Amino acid sequence: MDPHGHVVDDFDARPDGALRANVRKRDDALAQCIRDCRVVKYHRRVQNASRRQTVMLKGYWGRILRVDLNRRTCTVEKLARGIIARFLGGRGLAAWYYFNEISSEVDAFSPANTLFFMTGPLTGTDLPGGTRFQLATKSPETRMYLCSSCGGDFATRLKEAGFDGLVISGKASDWTWLSIVDDTVSFHDARGLLGFTSNLTRDALREAVGDAKAGTLSIGPAAERLVRISCINVDERALGRGGAGAIMGSKLLKGVAVHGSKRCPLADPERVGRIRESVTARLRKSAGAWEGRSTLQYIEPINELGCMPTRNFQTGTFEGASGVDIFAARKRARVLNTGCLRCPVACGMSCEVRSGKYAGSRARPEYESVALLGPNCGVADFAAIVKAHQLCDELGLDTMSAGHAVALTMELYERGLITGKDTNGIEARFGNAESLIGVIRLIGERAAIGNLLAEGMYHVKRVRPEWRPYILDVKGMPFAGYDPRGFHGNALTYGTSNRGACHNIGGWTIRAELQDERQDRYGLSGKGALVKRIQDIRAYQDSIGICSVVCDAYGFTQDPTGDVLEAVTGLPLTSKLLRIGERVYTIERMILNREGIRRRDDQLPERITKEALSTGATKGRMLTAEMYAAMLDEYYMLRGWNADGVVKEETVRKLGLSPRSLWKAANAKKQYSRPPRHFGCDRRCSERGSPTRKDLQCGGSSRPCRM
Ligand code: SF4
């Protein structure tokens, strides 16, 4: 029981598979809690003083909502026009804010650390895939810059409330949750929600604001205990990697609910409507590739290619892969394709185990989660993986980092480096499904070895240097679900990704390495260029506010085409997207350089550079430190970084990232929304950017237009 007399989760006492029973038992407590939450302690109406100053661009509100938990204040600040032109939105904007406000000395759990949630111009536009937003903050897991992308309803609702971004700083004096209903921001008592799982918190918040579809951020019990691999749940999805959930925990912020009723104006709504129809039709045709498959369809081919992380990356083929692939999923569980708001692709899949020991367990497993909770822990039972995934969801843990932590524990146990005393009696051996579930619980509760694992691999490597050979990470972030010895481009991706060993923002090279005839997956030459290109593409896609899976349908590829961005914003931005992507990736590296990241931090772990794979298609394959260094040199050269991985001054200038250039961008006077005035004429030209008198509708001046 918490101080309010509400039932608090007790994971020790809770029997396996009892989530729904647990929910029923707590119905009364939940209802009471919702009643408590309605007691608004502080209720602030956002000042609209800045509305006059806001950017009148289409596709943006030009308003960023700032919430200070210390003082319980909220303000709206203007979004600088020059910054939009440079960073577009989403990931670019989040990096820009972090660059300006979070110094290298700020600790992840300090009140000075800030959560920057930023949407893009296409977020909330009703376009398929237009649900994405980005988070930037100092990561508790890696102790450096973190950016993370997510879908769900939250970003759409934030845009409907009239904001392009939400910035949360400070630390509340007691557990709080926030509601944002259009221009009204309220601070609520969240003590009654303590111990609630992320999903229960989400439901409670939605009920409290009276909107079953309100966008929500919520954390689970692990984040309350400051477990550094905990995630922020975003509606039914999650900002998984990097431990951002623990930052909300450190700020005593249990959740955020957003409801909005506005529509962001578009430059050409009719054209946007036509694009929506044609893209939806195109996506419907391709949706068959996901029907009943989801990303679980990759388990089989990745295993055959010899790149399946198996028993803590000791081998690249898993003999039990047929027990965890998409066919096993359909056999063992009721599966249902799921998708984001208005997306016809529906690339996700929800699973509910039909029968057996784990009957009733539910989760939405993706390839990464299954690879790292299953084969990487030697577990070949799909039902057990769903159970482990559900437990991670309840606790609010990142499934990928949790999979690594369990695999490390199992290897240490089998090598005799830890014993049952360290695991509270759990026999942590590879393949033991009960151990998988048991160790996840230890992490969520910070019990026994779980207390150490809860600090993340960055910390584990420092306090237990003798375990380093068994830790698979870069910059404190554990690997994604592909063995890089089988795809050397992927190795470079892990090494140079701006948030540690991540396949997403680091550039998912696997498709190109397999399908492009010019690429050899074991080759070294050209990998620097490939990785850079994919990273830049991903950086601009993440800045637009659109899901990367559907980007091709809009023409957001390595040669950006299509007119949706112009139709939404009215600005000719498409041709500049690759440059914007490069700028975003570079400013992120400048942040990392400021935080002390150099070439030594871009290195791969010993297991990859010193041990050859022993089975399957990749048998005998290794990526030595010399081979890796050759790829890294090419990459640094193409990026315009020096040999130590520091961004060169000329690159900073070339990309418009010098302090002077950024200052000018942030203080630019140009009003994009208004037709430019001509020199010598006080009339406005409806043909923005018309360069000569001949083109001017007003015919008022022979001098060039200011645009
Ligand atoms: S493709 Fe998948 S992740 Fe992307 S918007 Fe559609 S359902 Fe969501």
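## Overall fold

Among contacts in the protein (heavy atoms within 4.5 Å) between residues at least 6 apart in sequence, 68% join residues at least 24 apart. The model is predicted, so local features need pLDDT of at least 70 and side-chain atom pairs count only at pLDDT 80 or more, while totals for chains, interfaces and linings use all residues. Residues are numbered from 1 along each chain as its sequence is written, and side-chain values use heavy atoms, with hydrogens and water left out.

The protein has 27 helices and 18 strands. These are DSSP runs numbered from the N terminus, with helices being H or I of at least four residues and strands E of at least two. Of the 707 residues, 63% count as buried; buried means under 20% relative accessible area, exposed over 50%, and partly exposed in between, with a 1.4 Å probe and protein chains only.

## Surroundings of the ligand

The residues around the ligand are G129, R237, G339, C340, C343, V345, A346, C347, C547, V549 and V550, where a residue is near a molecule if one of its heavy atoms lies within 4 Å of it. By class, this shell holds eight nonpolar, two polar and one charged residues. Ala, Val, Leu, Ile, Met, Phe, Trp, Tyr, Cys and Pro count as nonpolar, Asp, Glu, Lys and Arg as charged, and the others, Gly among them, as polar.

The ligand lies between domain 2 (290-432) and domain 3 (488-653), because both give residues to the shell around it. The domain bounds come from an automatic or database domain assignment.

## The second largest pocket

The second largest pocket has a volume of about 550 Å³. Of its 23 lining residues, K461, R462, K475, G476 and D601 are the closest to its centre. The lining divides into eight nonpolar, four polar and 11 charged residues. Domain 1 (11-259) and domain 3 (488-653) each supply at least three residues to it.

A pocket is defined on a 1 Å grid over the protein atoms alone, as an open set of points where a 1.4 Å probe fits, with protein on both sides within 12 Å along at least five of seven lines; lining residues have an atom within 4 Å of a point. Grid points are joined across faces, edges and corners, and the volume is the space filled by probe spheres set on the points.

All nine of the nine residues of helix α18 (residues 488-496) are buried. Among the elements that cover them are β17, α19 (510-515), α20 (527-544), α23 and α25 (625-639).

L604 sits in the loop between α23 (577-594) and α24 (606-610). L604 counts as buried because its relative accessibility is 11%. Leaving aside neighbours within four places in sequence, L604 is in contact with V474, A491, Y494, G495, T609, L623 and Y628. A491, Y494 and G495 are among the buried residues of α18.

R599 lies in the loop between α23 and α24, and at 17% relative accessibility R599 counts as buried. With neighbours within four places in sequence set aside, R599 is in contact with A629, L632, D633, Y636, A643, D644 and G645.

R86 is part of helix α3 (residues 81-87). The C-alpha atoms of R86 and A666 are 9.6 Å apart, although 580 residues separate the two along the chain. Not counting residues up to four places away in sequence, R86 touches I580, R583, G656, S661, L662 and A665.
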